[in-house]
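Here's a quick walk through a protein model, written for someone who would rather look at it than read tables. Have the viewer open and follow along.

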Amino acid sequence: MNLAINIQRLQRDLEELGRIGSDLKGGVSRPSFSQADLEARAWLKKRLHEASLEIREDGAGNIFGRLRGKLEEPVILVGSHLDTVINGGRFDGTCGVVSALECLRTIQEKGIVPYYPLEVVAFTDEEGNIIGDFLGSRAFTGTLNEEILRRGQTNFGQPLQNILEGTGISLESILRAKNEAPKVLAYLELHIEQGELLDLEAVPIGLVTKITGKRLYQATFSGQVSHAGTTPMELRRDAFIGLAELAVRATRLVAAEDEDGRLTIGRVQLHPGSFSSIPGQADFTLDLRHPERENLIDLEKKIIGLAQEIAITRGLSFYYQLVDSTEPTPMSSRLLALLEEEVRNLNYPYLKLISGAGHDAQILAKITEAAMIFIPSINGLSHSPEEAIRWEDLEKGANLLLQVLVRLATSF
Ligand SMILES: [Zn+2]
């Protein structure tokens, strides 16, 4: 049987979805539960309904569209997320959700009756705009940090309760979502690479072997606020200079240590933050990643040690708190082998690679076999209005997804 998705229909859907939440800077701003996100959710449900898929929404707002199988359970999940970062792009997450929908439509149209039910899924707040990363998939798998959730502080400065108001979703319903979850046989996710490896090599398909681990810290150097004109240079306890030294030395350290390590100081706040005052306090975030757990722990020790050493020599104090972490997560070797077999059957060039970005697949891997297909991000750009793909790459990615779904859903 000639089994292939309809790329025109898939493209039309993605273009339509990409217009929801488009912002003045040419990108898309669609954080979970924003007006635009609610509109995107309604759009997806309409499409699922038109495809005669059974719609379900759990307590965390995760949306599912089921194609029935001969069995009720376990289900094969396939999807990604609809939310975006502020001023993000049109393809991060959406490619996976819409490709999943297109695959299920194709399976239905070809009259294939799966043995296991197949479900499209769109997970809530993958981007962590609201409260840490992966709110929806963590709720679904029962791996939420309840304490952080109950604290209710969000990245938008308003309490979680206010953001959830009128959505029918509450803290309690989010915590209950895991009880509504069916047994899962496998999770598959198609996603843009968000890096430049595939584009540089001109290869349309990436098979993810592993998702990198991450430690996210909120940290502070604390010194002494004093007058910029009267305090001699050698007597200053300038918290910013401590941070500046750390930024340069820690970056060098990670770069020299090994090529898979990543360190980013993405947010900095100086206090009091005026022209004529020496900063007495520097608050900043540290985002540290590595695909190997031992190396991640080793880098973590070295960087914290370096910060403490800088604090001592500069008369500062250094504090830090771990606010979020994910472990390096290998993808299912069985699914990877299946993907490799099918990608060869299709004759598509492919590469195996490690994902430096986090994905719902690493959360799902806690409860089931998970795997990911990457397609190239043009120039490696993502989380940006310039995020772009080639339709022929997406077509290949979705066709590979389709083959693997059919194999999984029809074999006992
Ligand atoms: Zn994404």
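P74 sits in the loop that runs between strand 2 (63-67) and strand 3 (75-81). Keep in mind that this is a predicted model. The peptide bond leading from E73 into P74 is cis, and its omega is near -5°. There is another cis bond to look at, the one joining H271 and P272, where omega is about 0°. P272 also belongs to a loop, the one between strand 10 (268-271) and strand 11 (277-278).

While you're checking loops, have a look at S52. You'll find S52 between helix 2 (35-50) and strand 1 (54-57). Its phi is near 60°, which is a positive value in a residue other than glycine.

## The chain as a whole

Zooming out, how many helices and strands does the chain have? The secondary structure comes to 13 helices and 16 strands. Along the principal axes, the C-alpha trace spans about 80 × 45 × 40 Å.

What radius of gyration would a compact globule with 412 residues have? It would be near 22 Å, and the chain has 23 Å, so the two agree.

## Two domains

The chain is split into domain 1, built from 7-212 + 328-410, and domain 2, which covers 213-326.

Where the domains touch, domain 1 puts in 9 residues and domain 2 puts in 11 residues. On the domain 1 side of that contact, the classes come to 2 nonpolar, 5 polar and 2 charged residues.

## Helix 1 against helix 13

Now for some helix packing. Two packed helices are described by the angle between their axes and the distance between the axes. Helix 1 (residues 7-19) packs on helix 13 (residues 391-410) at an angle of about 110°, and their axes are 10 Å apart. An angle from 65 to 115 degrees counts as roughly perpendicular, so that is the label for helix 1 and helix 13. Their crossing is right-handed.

Which residues make this contact? From helix 1 it's I7, L10 and Q11, and from helix 13 it's W391, L394, E395 and A398. Sorted by class, the contact has 5 nonpolar, 1 polar and 1 charged residues.

## Helix 3 against helix 13

Helix 13 also packs with helix 3 (residues 94-109): the axes come within 9 Å and cross at roughly 55°. That angle makes helix 3 oblique to helix 13. The crossing of helix 3 and helix 13 is right-handed.

Helix 3 brings C95, S99, E102, C103, T106 and I107 to the contact, while helix 13 brings L394, G397, A398, L401, L402, L405 and V406. By class, the contact of helix 3 with helix 13 holds 9 nonpolar, 3 polar and 1 charged residues.

## Helix 1 against helix 3

That leaves the pairing of helix 1 with helix 3. Their axes come within 10 Å and cross at roughly 140°, which makes helix 1 oblique to helix 3. Helix 1 goes past helix 3 in a right-handed crossing.

To see the contact, select R9, L10, D13, L14, L17 and G18 in helix 1, then T94, C95, V98, S99 and E102 in helix 3.

Notes
Residues numbered from 1 in each chain as written. Predicted model: local features only at pLDDT ≥ 70, side-chain atom pairs only at ≥ 80, totals over all residues. Domains from an automatic or database assignment. Contact = placed C-beta atoms within 7 Å. Nonpolar A, V, L, I, M, F, W, Y, C, P; charged D, E, K, R; others polar. Axes fitted to C-alpha atoms, helices over the stretch in contact; angles between N-to-C directions. Helix = DSSP H or I, 4+ residues; strand = E, 2+ residues; numbered from the N terminus. Parallel < 35°, antiparallel > 145°, perpendicular 65-115°, else oblique. Left-handed = near helix turned anticlockwise from the far one by under 90°. Rg over C-alpha atoms; globule rule 2.2 N^0.38 Å.
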